[in-house]
Amino acid sequence: MDYIARLSSIIAPGTRALVIDDSATTRRIFRSQLESLAIEVAEASDGKEALEYLEREIESTQLVLSDISMPTMDGFEFCYRLQQAPWYDGTPLVMVSTQSDATSVIRVLKLGADDYIPKPFDQEVLAQVIGRVMTHG
Amino acid sequence: MAKVAQLKTQSVDRMHVRLEHLDTLLGLAGEVIITSANLQELERRAQTALARHEPFPEECLNAIKTSNEASHRISQDLHDLVMAIRLVEIGDTLRLLRRPVRDLSRNLGRDVELIFEGSDTMIDKALAERLVDPLLHMLRNAVDHGIEPPIERTRGGKPSQGKIIISAVDREHATQICISDDGRGIDETTVLETAWDSNHLTRGSRAPLLDLLCRPGFSMATSVSATSGRGVGLDLVRSVVEEFDGKIELETEPGKGTTFKLMIPKLRAVNIVDALTLRAGNGLFALPIEQVVASLGIVPAQIQTAMDQGKYFTYQGQVIVLHDLRELLGSEPLPRDAEQLSVVIVQSRSDRIGLVISEFLGPQKLVNIPFDESLPHDPGVAGTSVFTGGRLGLTLDINELVARALGTNRLPASTSASDQGFLGIGAAGDAGTTVGPSDALEPCRADCPEIQKTVRGQGPSGLSSGASRFDEADVSGLIDELRSGLQKLQDALLSLEASPQETDLLNEAFRRLHAAKGNLTMLAAEAAADLAHHLETMLDFLRADRLEVTPERMDLMLDCVSYLSSTANAFPNPISPPPPELVEKLHSETKTGTKSDPAENQVELIGRTFELSPTLQLQVLSALKRGEHTFETYLTFDSGRQAPFLVAYLILRRLGLYGSILASLPSVAEIEKGKCGTAIKVLWSTPLDEAGVNETLEALSTHHNLIEYSSIPTTIFRYE
């Protein structure tokens with residue numbers, strides 16, 4: 001199935017994703033892959049920075065992609081705090097990590113993440129998952 | 001020595017540039033543009049004045065002066081900036097030494113604390129890379145010969161732990177690096193006796209201590225060991241230091257310790273060569289002036305011919321064989337009609353030859369622009385330079401030309417005349433004459449084996465499938481990150497060994513390792529990523545106090561990190577899988593932490609029935625009373641790159657939006673443990689009818705890649 005082509009019919013112009021990862025290179029890879037899917041990208045390097053950004057910009061953010069292992073505030077805590085935040089409107093949250101053991105994955109899902117992408121990811125799985133989380137309410 | 005070689009490969013031809021430097025560079029580029037625009041305007045005004053036969057306007061002259069000053073200042077600033085960009089912190093180099101010193105002290109039973117002072121001192125990158133080996137040699141000496149075993153130290157009234165301090169200090173014109181140990185010092189008498197015994201010095205005579213120690217082949221070790229005693233060491237240190245025009249000093253006091261002081265002058269220029277410029281035929285050439293012995297004109301009468309050596313003449317009592325420069329570069333020799341021959345005597349090590357040329361142009365400071373190594377070029381040519389007047393010339397590699405003249409290096413076989421190569425540029429630029437193919441120098445050889453070797457076959461195509469998803473810049477970014485991450489991981493581990501109670505260090509190591517694992521996975525280095533995964537589990541055990549930090553465990557972890565580093569350094573070339581004993585040891589440390597076999601995750605659905613707890617049975621009854629239906633839905637899916645358990649979990653969660661999940665096979669508990677294949681059976685109740693359920697599943701199928709799905713209404717209560 002061509003997820004990439006199908007995603008283009010789902011993505012509204014001006015859709016913006018917040019990418020949270022402590023590795024600048026990973027963020028750059030995200031950016032190039034997301035931008036080629038016509039998704040704008042904002043970046044944060046840890047959970048704390050992401051929460052600060054989202055509190056201001058939740059209205060203009062349609063998707064959140066987050067690493068799990070990060071300094072300052074990791075992905076687990078970020079998931080938890082985001083769900084607790086009074087301003088959080090249910091914007092889809094996808095975790096992207098090498099931590100692919102069932103315990104970690106189920107843990108983030110139970111903490112409220114909508115989906116999980118194992119690293120390394122390619123554009124196809126990215127398109128598939130984004131399509132999935134952005135069409136289901 | 002193997003370790004030395006290993007360290008050497010860690011140097012990379014890339015460096016990080018601070019943003020502020022780029023900003024400055026941008027600013028300077030702007031100034032260059034402005035200056036050049038000003039000069040253009042001045043030229044226009046001067047031309048107008050000339051056309052009108054007016055005198056050269058004085059304000060123009062002043063403006064030229066200003067522009068000239070500006071361009072002088074800009075060049076100076078640019079030069080300073082580039083020098084500053086080339087600087088790196090010496091600490092990055094010093095860090096590489098921690099592991100070898102730690103291993104060596106452990107092997108030799110020494111207790112050594114390695115202290116760095118002035119780690120933030122900035123040194124040129126080229127020096128930083130070349131310093132690793134000498135410093136390592138000096139540290140080896142210090143640990144092996146300097147620091148005494150703990151018992152001996154205690155007996156001598158010293159603390160049992162020895163200290164080695166490497167300090168770097170920035171002086172005005174030089175960087176001073178000191179390596180001090182508080183060991184037994186060097187006893188001059190013993191050194192002298194050893195030198196006499198080993199015939200490095202005539203018995204009874206004396207020589208400065210440092211000179212003796214630096215003699216090639218001189219060794220104080222009584223037996224050859226893995227660490228020292230091969231007689232190489234200080235001579236290498238001295239040669240590297242001298243390569244950078246530096247000095248080495250020694251202070252030692254028996255019983256107190258030894259200090260080696262390296263004074264290395266700061267580099268003043270990048271690639272700027274003091275050159276002798278000359279013409280040979282239509283080509284312009286430059287020779288590094290330090291290799292020029294003399295330039296002179298000789299008359300044919302001075303030239304003699306020898307059977308085996310060709311033409312030669314005598315210069316200061318020494319026979320100098322003459323070689324035509326153009327001929328050495330594989331082109332037609334110069335016509336020999338001149339009454340006087342222009343000859344430049346050049347020297348490579350102890351060999352001298354005379355190069356016959358057309359004309360001397362004079363000494364000049366040139367910026368050598370080296371050739372791209374991946375392009376074919378004559379190794380006798382080091383690069384190109386812009387000569388006075390904007391003409392392009394070639395900088396020659398004298399060592400190569402002398403070797404070629406002496407017959408040790410052969411000129412690449414001649415090529416077809418049409419393959420002119422870029423050497424024509426230098427010739428064509430001269431007086432505007434066009435040089436025909438027959439007149440062109442032709443060192444470019446595509447079929448020359450030496451040249452082909454330098455063409456690197458690297459690129460995205462050489463990467464394995466996983467990494468080819470990213471472009472080359474991403475890949476090199478990942479590798480850079482990986483390398484520095486692994487170095488920091490090693491640092492954290494080494495520090496952890498010294499203070500095992502520091503949980504911060506453990507966390508730092510864990511985080512670094514985790515990031516490295518991510519990079520390795522992205523680079524599709526599976527074996528290494530897998531090793532990293534197991535190492536991560538081991539660190540997790542340490543973090544959870546299920547394991548203790550012991551020297552053996554530290555060896556194991558550091559060896560793993562070394563393996564990971566070698567993978568990073570070899571990339572994109574494949575590397576052999578980790579040594580089995582390493583993997584085995586790691587596994588035995590983390591027995592319970594290993595990943596379960598994916599095959600075990602397949603949970604057989606056939607023959608299994610749903611188990612309903614009394615609470616669930618109650619829930620079903622209530623649902624039926626509400627007029628809902630119960631379905632047994634069977635789904636198979638393609639989980640793609642995601643884990644089957646994850647997709648199964650997401651499908652269940654999704655179905656839960658349309659009804660209540662009563663039970664599943666595998667059970668939710670099993671799925672949460674990762675025990676799930678690509679098929680699930682779900683028992684659920686929903687207000688939807690059969691058509692509605694099918695619609696829902698169809699909508700679901702696109703996003704979850706369902707392969708097949710079927711639902712049958714079911715009554716879960718049977719009359720028995």
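Start at A:Leu65. Leaving aside neighbours within four places in sequence, this residue is in contact with A:Ala17, A:Val19, A:Ile20, A:Phe30, A:Val94 and A:Val96. The model is a predicted one. In it, A:Leu65 and A:Val94 have the most contacts inside the largest nonpolar core, a set of 63 residues. In soluble globular proteins, nonpolar side chains tend to be buried together. Chain B also takes part in this core: helix 22 of chain B gives the largest share, eight residues. A second core stands separate, with 38 residues. B:Ile90, B:Leu97, B:Ala168 and B:Phe244 are included in that second core.

Now go back to chain A and its strands. Strand 1 of chain A covers residues 16-20, and strand 2 of chain A covers residues 40-44. The two pair in the parallel sense, over five bridges. Within this pairing, A:Arg16 stands opposite A:Glu40 of strand 2 of chain A. What do these strands make together with helix 2 of chain A? The answer is a β-α-β unit, and it is right-handed. Helix 2 of chain A spans residues 24-35.

Next comes the interface. Here 28 residues of chain B are in contact with 26 residues of chain A. Which elements of chain B give two or more residues to the side that touches chain A? They are helix 15 (472-498), helix 16 (503-522) and helix 22 (644-655) of chain B. Helix 16 of chain B gives the largest share of this side, seven residues. By class, the side of chain B that touches chain A has nine nonpolar, ten polar and nine charged residues. Confidence comes last. The model scores ipTM 0.85 and pTM 0.49. Chain B averages a pLDDT of 78, and 82% of its residues score at least 70. Among the elements of chain B, strand 4 (residues 162-170) has the highest mean pLDDT, 93. Helix 13 of chain B (residues 423-428) has the lowest, 34. Two stretches of chain B call for a look. Over residues 223-232 of chain B, pLDDT stays under 50, and the model has 17 contacts for them beyond four places in sequence. Over residues 410-468 of chain B, the pLDDT is below 50 too. That stretch has 96 contacts in the model beyond near neighbours in sequence.

Technical notes: Residues numbered from 1 in each chain as written. Chains lettered and ligands numbered in written order. Predicted model: local features only at pLDDT ≥ 70, side-chain atom pairs only at ≥ 80, totals over all residues. Contact = placed C-beta atoms within 7 Å. Helix = DSSP H or I, 4+ residues; strand = E, 2+ residues; numbered from the N terminus. Nonpolar A, V, L, I, M, F, W, Y, C, P; charged D, E, K, R; others polar. pLDDT = per-residue confidence, 0-100. Core = buried A, V, L, I, M, F, W, Y, C linked by C-beta atoms within 7 Å. Buried ≥ 20, exposed ≤ 12 C-beta atoms within 10 Å, placed from the backbone. Pairing = 2+ DSSP bridges. Right-handed = clockwise from strand over helix to strand, strands pointing away.
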